[in-house]
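Thanks for coming. I will show one structure and go through a few places in it.

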Amino acid sequence: MAKKIVTALVGAAVLGLGATAAQADTLSDVKAKGFVQCGVNGSNLAGFGAQDSAGNWAGLDIDICKAVAAAVFGDATKVKFTPLSAKDRFPALQSGEIDLLARNTTWSVSRDSQLGFDFRAVNYYDGQGFMVKKELGVKSALELSGASVCVQSGTTTELNLADYFRSNNMDFKPVVFEAQDEADAAYNAGRCDAYTTDASGLYSIRLKMANPDDHMVLPEIISKEPLGPAVRQNDSKWFDIVTWSHYAMVAAEEFGITTANVEEMKKSANPDIKRFLGEEADSTIGADLGLPKDWAVQIIKAVGNYGESFERNVGEGSPLKIARGLNGLWTKGGLQYAPPIR
Amino acid sequence: MALADARTGSGEPPKVSLLYNPALRSVVYQVVTLVVIIAAVWYAWNNVVQNLARANMTAGFGFLNSRAGFDLAQTLISYSSDSTYFRALQVGLLNTLVVAAAGIVTATIVGLLVGVGRLSHNWLVARLCTVYVEVFRNIPPLLVIFFWYLGVLALLPSIRTIFQHLKEDPDAVFFISNRGIYMPAPVFGEGFGVVFVALLIGIVAAIAFTIWANARQRATGQRPPVLWVNLALIVLLPLAVFIVMGQPLTLDYAVPGSFNMKGGMVIGPEFLALYLALSLYTASFIAEIVRAGIRGVSHGQSEASYALGLRPGQATRLVVLPQALRIIIPPLTSQYLNLIKNSSLAVAVGYADLVAVGGTILNQSGKSIEIISIWMLIYVSISLITSLFMNWFNAKMALVER
Amino acid sequence: MTESIVYVRDRFLQQEKPPASEKSAYAWIRNNLFASWKDSILTIIAITAIVLYVPKALNWLFFSAVWTGTDRVACLTVEQGGQLPAGWSGACWAYVNDRFVQFMFGSYPRDELWRPLLVLAMFVALLVPFLMPKVPRKGLNALLLLVVFPIVSFFLLIGGVFGLRHVETSLWGGLMVTLIISFVGIVSSLPIGILLALGRRSSMPILKTACVVFIELIRGVPLITVLFMASVLLPLFLEPGNNIDKFLRALIGVSIFASAYMAEVIRGGLQAIPKGQYEAADALGLNYFHKMTFIVLPQAIKLVIPGIVNTFIGMFKDTSLVTIISMYDLLGIVKASFGDSGWITPVTPLTGLIFAGFTFWIFCFGMSRYSAFIERRLDKSHKR
């Protein structure tokens, strides 16, 4: 009886809230429902995924979601965001609740294989660091022996932290929090001496502190954290679209195409650019990906090239003021490199 | 069909359509229920298998032997990031049990005091107790936890202030900071085992003496001085042994380290917030139960015991309380169970209980089905064991009624 | 013989006031506060505590509180970068004021707020007469409140029909979510709870076992694990690629949990109905359905109304747990606002928690008063 009721309840409710059953092919599913469901950071990580007071989303991760929507529908507004905690994000992607996870998620081998996801594009090369109060007088993470460290539970950060202190023969007291805002509040209240997360996150959290100048990020970067969008394994069509949406942004920067000049660039004589923008007569790049011909143009119009997106969200144009560093183009000493689009 | 034949054959028993045969209906209903349950389970199972295959994941408990890789803040048994997930779960379970046990004891004491206080003739005390009950009963326990953690404990002096304070007063041994309460830790020297054995002997002897004293009282009407003898057995005997053994106990004091106090014993704010919130929240319910229990014993009972010449203390202890307990125990059991279940709110403040540790493992390994089954299994077992114990206790108490 | 007998008084004496030692304020104080030396000690301790803390608390809450301001500077002392005197501490109501709409409605689009407000107005208009025992037409009222109202509000809140803008559930938040979750929990737990309770009392072993296992399993585990199950496992249990709304999953979790508790309360009522009632119904030739709906359940439910209301109170408080599966109910949204750089001050968390606590308290206290009122009324009706 109980089961019957529950099943009936679930069934009725599923109908009520317009849930959709999907095939393994995410692209046709997305096209059928008319929008991309994107899992993003639920605790307002400025620069990556954050909501302003009017409920509009902005950030580097938000831009990749918008780029995918622009590529598929030619309309960057056809995306819905699901705010997720570190804990919910993987089950959400596994269950098909979201089509794409862009939640400053580190690409690691276990997530790629064991959890059954696919990663390729990296929209931010990050590394884990520490932030401390300046009054402690600490200049290096190696001086942190015996400190209490605030960390968010269920992240690679938590594992790296344990490994780092262990390998340097230092001890520490972890103070673990479920949500990032709880950890922020605890660090701010002096519950711990240091705060650890991805360096980009540290800069954004520092901004939230009562007095950002009282805090400093230590020079050590203790891990590699390539952050990028993830999709479910065994769905190469969808995987390709997500991957190439990012590379299109990088390629656009390489070509010098911006939101402002994209229409002009369509007339460019450069065959690479013409092909990229779908202006070549017999170009099948878009069709092969399962996208419209002008997919790259739509992406650039919606979110700009990678450099523009970076500057707007985390770079000089934002309060975070993070330098390009590793995230510069490969031609400028960074790691961002788009495979040839031909 | 046999039934139908019988009906047409003799005209007896009265014509009852097969449709209205209660036994048959019962069977049909049950078969339908069973089919629905099996279908639902099969449907869910089938989907789980498909979903897991789709996500390229496997099910099973083998992952429990993998290296955990994360550190835990509160550990009662040895644990490091090299330990297994299984060990981490053990740590979590122990932490759950510790906070639940501490909470139950405190909640019972506070609840008893407040419940009796509400019945007090003292107007002011009764009103204060009422205010306490009405405030805590009507606020979510999670909010009470946050109140302690963010509203009270976070505002205590910082560890730097304590360091300053220690420079002025180097002899201080007991500190309250926003990193917890620091106090000296006992270090048991060689020979302390003997003292411990003496304590055990003292307790056993005290119990034996009490039984003998009760028997003697029944036989002769004389009551030996139970309290004093028991005190001597439980306190003086171990104390004497302790002195004889050369006081094999030293204290390890907390001293300032680079960031935190080193050594000593520390009770973290996560534990404190959870413990205080669980105790005070549950105490408000226990107070109501105690009040109802005491009021449930008819006034004539205590009047009759006064008439028999019992003193008020004796009347309460021997007549009123045993009867009140019968009313109190069943609802008290469910409050204890609620407290145990509410201890899972630990996850909100990062106290490493079963749910918090399980949640971390769930996230690191992605084994959601396994972890949630482990949670449910453990909580259901704890609930069952507590219920069984309280039922036994209740049955024992019920005998007093005769 | 009408002669009066001298030693028998034939007129009453003038009534006198009771002695001052028994009726005066002094006597009241002596009897209620200082009856014995133990009482005196307790009273003195209590008075000392009140004198020490109550003025401080009132001062913190009201007199030195900050009522107006646009950002955290308003609630910071000079040394923290504000303009309040050093050593100041008090509630920062300016922050609650600034965030009030968010605490009530979450991120619900600001130009669509008339929709939740209309739902609230309908709710109050239907609930108030429903709660007043004297108002007639309870059946129609119940139908409107428990069936029509949820459907209308569902479409009103989520939109997407009749030209209303679609508002995703991820934008919902604050007190609105707390009330929606508890209302849905209450409305769905009653019928499911009744069915489970009847199943548990049934004589059919399989049905009975299924109900017992379900009830005891759910009652044996914390709500958090049920919520985790609804939020993490439910999608795994359904068709691959399903996409159940997160809000809906929380609703399912809360409803399942509440039903199990409700079933036990109702079972208590069923057990209290004398066997004669069942037998009389059988003797009249009523079938099971009629027996239950016309004879047994009306009596049983009336008996356990206080228990039902208590379950509601518990559920209302328990909705705060959805914070843990990252949904923003009242407590969740208040807590999330502590991290907002615009209002980070040492007093923000305490102020926010006191506000949230007071809001929860009003609702729960109101419900418990109502339960007591009903209990008294029922008591009367049983005494002849």
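In which loop of chain A does A:Asn169 lie? A:Asn169 sits in the loop between α6 (156–167) and β10 (173–177) of chain A. Helices here are DSSP runs of H or I with at least four residues, strands are runs of E with at least two, and both are numbered from the N terminus.

Before going on, some ground rules. This is a predicted model, in which local features need pLDDT of at least 70 and side-chain atom pairs count only at pLDDT 80 or more, while totals for chains, interfaces and linings use all residues. Residues are numbered from 1 along each chain as its sequence is written, and chains are lettered from A and ligands numbered from 1 in the order in which they are written.

Back to A:Asn169. Its phi is positive, about 55°, although the residue is not a glycine. Most residues other than glycine have a negative phi. A:Asn169 counts as exposed because it has 7 C-beta neighbours inside 10 Å. The cut-offs for other C-beta atoms within 10 Å, with C-beta placed from the backbone, are 20 or more for buried, 12 or fewer for exposed, and partly exposed in between.

A:Asn234 is in the loop between β14 (230–232) and α9 (236–255) of chain A. With 14 other C-beta atoms within 10 Å, A:Asn234 is partly exposed.

Next, chain B. How many helices and strands does chain B have? There are 13 helices and seven strands. The radius of gyration of chain B is 30 Å, well over the 21 Å that the globule rule gives for 402 residues, so chain B is more spread out than a compact globule. That radius is taken over C-alpha atoms, and the rule is 2.2 Å times the number of residues to the power 0.38. The C-alpha trace of chain B spans about 100 × 75 × 45 Å along its principal axes. Of the 402 residues in chain B, 33% are buried.

Chain B also has an open sheet of three strands, in the order β1-β2-β7, with antiparallel pairing. Its edge strands, β1 (175–177) and β7 (265–267) of chain B, each pair on one side only. Pairing requires at least two bridges found by DSSP. β1(B) and β2 (residues 180–183) of chain B are antiparallel over three bridges. B:Ser177 has B:Gly180, in β2(B), as its bridge partner.

Now the contact between chains B and C. Each side is listed separately: 44 residues from chain B and 44 residues from chain C. Contact means C-beta atoms, placed from the backbone, within 7 Å. Which element of chain B gives the most to the side that touches chain C? That is α2(B), with twelve residues. Other elements giving two or more residues include α11 (312–342) and α13 (368–398) of chain B.

Last, chain C. It is divided into domain 1 (22–48) and domain 2 (93–108 + 167–382), with bounds from an automatic or database domain assignment. The C-alpha centres of the two domains lie 44 Å apart. C:Gln83 is in the loop between α3 (37–63) and α4 (93–105) of chain C, and C:Gln83 is exposed, with 10 other C-beta atoms within 10 Å. From C:Gln83 to C:Leu126, 43 residues along the chain, the C-alpha atoms are separated by 49 Å.

Technical notes: Contact = placed C-beta atoms within 7 Å.
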